[in-house]
Amino acid sequence: MISIDFFYLLVGLLFAATAVMNLRDRSNPRRVSSALFWGLYALVYLGGERLPPLAAGLLMIAMALLAGVHLVRPGQAQALPEEARRASAARLGHKLLVPALAIPVVTMIGSTLLKDVTIDLRPLLDPKNLTLVSMGCGAIAALALACFITRATPLQGVREARRLIDAMGWAVVLPHMLAVLGLLFAEAGVGKAVAHVVTGYIPMDSRLVACAAFCIGMALFTVVMGNGFAAFPVIAGGIGIPVLVGMYHANPAVMAAIGMFSAYCGTLMTPMAANFNVVPAALLELPDKNAVIKAQLPTALPLLGANIVLLYLLMYQ
Amino acid sequence: METAVNLWPLLGIAVVVAGFLLRAHPVLVVVAACAVTGLAAAFPVTHILESLGGAFIKTRNLPLILLLPLAAIGLLERAGLKEHAQASIAKIRSATTGRLLTVYLFVRELAAAFGLTSLGGHPNMVRPLIAPMAEAAAEARAGAIPQALRYRIRAMSAATDNVGLFFGEDVFVAFGAIVLMQTILRAEGLEVDPLHMALWGIPTAVSAFVIHAWNLRRLDRRILREAVRGNGAGE
């Protein structure tokens with residue numbers, strides 16, 4: 001069986017390689033602390049459940065502090081000059097799209113056609129993490145194809161991956177840490193507190209009001225948190241699961257899908273989602289840093305209304 | 001309600017809001033919010049650390065989707081994938097800003113729905129290619145356009161990239177949001193097929209396309225009004 005542990009191991013080795021390459025990179029002004037940051041993250045993947053939770057918690061705090069005081073820096077990027085890339089693009093043409101397309105194609109094949117394939121009565125692909133494992137196989141196939149088409153070695157692939165990880169820096173771990181915050185919120189009862197405040201003021205005995213409260217709650221909480229991933233556990237735990245699924249017997253898949261999209265309406269409206277809304281305004285040299293949000297409001301607000309209607313109509317499907 | 005609900009953990013949300021308003025480092029804000037939330041819930045410090053650590057290990061499947069394709073994508077980038085994609089999209093010639101951005105919205109949303117989220121983005125597509133093309137299309141129609149309209153066109157170019165990405169990627173089964181939803185629902189005892197969640201995202205994805213395309217048509221009409229006014233002034 002191809003299990004998710006295999007891909008945890010690969011990612012752990014990739015982070016370990018990132019750490020070693022940074023440590024040896026004299027062009028990186030913070031090479032030791034950067035290497036430490038990626039080395040600690042490698043430990044999370046290589047150690048996994050064998051790490052004691054207390055140690056993993058301390059490790060996460062150490063990583064956050066290293067990133068927070070700007071000790072994680074990229075090395076000098078050794079990308080090819082643009083003329084070389086253009087020449088290569090002209091030479092290889094549409095062939096370049098083949099490995100890129102291999103990832104979604106293999107993922108789709110794995111999560112549909114190979115779903116029930118077994119070898120010696122054991123499933124070929126880890127059924128609990130089917131899509132992730134399928135995608136991992138797709139990524140390996142893509143790397144093999146890319147090496148074949150561009151005549152590069154897999155080691156060059158690791159170097160390129162390190163370049164991209166370096167460029168993203170601490171942003172790689174931000175969604176991961178936000179997910180941790182979301183789980184801690186759930187454990188500390190933030191969802192219950194939000195639900196208590198919401199249900200204290202809104203009568204949930206009307207199905208339409210419950211749908212509206214769920215969608216608007218998702219959007220509002222995302223505006224506050226800047227990330228739908230943080231809002232989803234709270235509002236799904238506070239309204240979606242107890243009220244929509246528990247009281248009204250809604251289909252959880254419909255509740256989850258439309259709930260997440262309502263959260264995305266919130267993402268379009270908040271400066272907290274800096275990567276999407278504030279950075280592009282700076283990039284496009286707009287004097288008003290909220291110009292992108294203002295351009296998105298006429299799409300986000302009607303779409304939120306559409307979500308409420310869709311959830312109301314489709315929840316029993 | 002009869003049972004007492006502890007409202008103190010809501011302080012964690014306050015920390016997040018304050019942190020971002022003060023423009024503190026996002027990673028530090030998240031960790032500070034974790035500490036405040038745990039303390040407000042009256043957890044002992046070791047319990048907070050263990051919760052964080054356990055959650056950190058348990059959610060380590062989330063970054064896989066970002067990380068696994070990097071080696072292949074990095075190699076392709078080195079071989080000129082972006083240059084090739086840019087040249088291909090530049091061949092789609094269209095007379096108006098709105099139509100150009102609608103085509104981009106369509107391509108971006110569809111590509112994201114197939115998991116190709118890296119075929120776009122603000123630094124590598126919008127700034128060098130989409131926004132200049134959108135501005136050029138408006139100038140071809142209305143002549144010199146006022147600065148405010150130029151900024152609006154640029155902002156709409158960025159907005160189009162966001163809308164296409166957000167409402168396309170959630171239809172792709174291996175996207176992080178679907179994995180996250182599955183993980184959260186599983187923790188609550190609900191087993192949901194990721195394919196179903198992707199499927200029920202499609203009505204919203206279509207609505208997003210229709211609503212945003214309509215807004216792009218409104219942008220076209222504004223450019224047209226500007227063109228009429230410009231011609232009138234010129235005569």
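The C-alpha centres of domain 1 and domain 2 of chain A lie 30 Å apart, the domain bounds being taken from an automatic or database domain assignment. This is a predicted model, in which local features need pLDDT of at least 70 and side-chain atom pairs count only at pLDDT 80 or more, while totals for chains, interfaces and linings use all residues. Residues are numbered from 1 along each chain as its sequence is written, and chains are lettered from A in the order in which they are written.

**Domains of chain A**
- Domain 1 of chain A covers 1-172, and domain 2 of chain A covers 175-314.

**Contact of chains A and B**
- Chain A brings 119 residues to the contact and chain B brings 101, two residues being in contact if their C-beta atoms, placed from the backbone, lie within 7 Å.
- On the side of chain B that touches chain A, the largest share, eleven residues, comes from helix 9 (residues 147-169) of chain B.

**Helix 8 of chain A with helix 3 of chain B**
- Helix 8 (residues 174-188) of chain A packs with helix 3 (residues 45-58) of chain B at an angle of about 130°, their axes 9 Å apart.
- Helix 8 of chain A and helix 3 of chain B are therefore oblique to each other, since angles under 35 degrees count as roughly parallel, over 145 as roughly antiparallel, 65 to 115 as roughly perpendicular and the rest as oblique.
- In this pair, V180(A), L183(A), L184(A) and E187(A) of helix 8 of chain A meet S51(B), L52(B), A55(B) and F56(B) of helix 3 of chain B.

How values were computed. Axes are lines fitted to C-alpha atoms, for helices over the stretch in contact, and angles run from 0 to 180 degrees between N-to-C directions. Helices (H or I, at least four residues) and strands (E, at least two) are DSSP runs, numbered from the N terminus.
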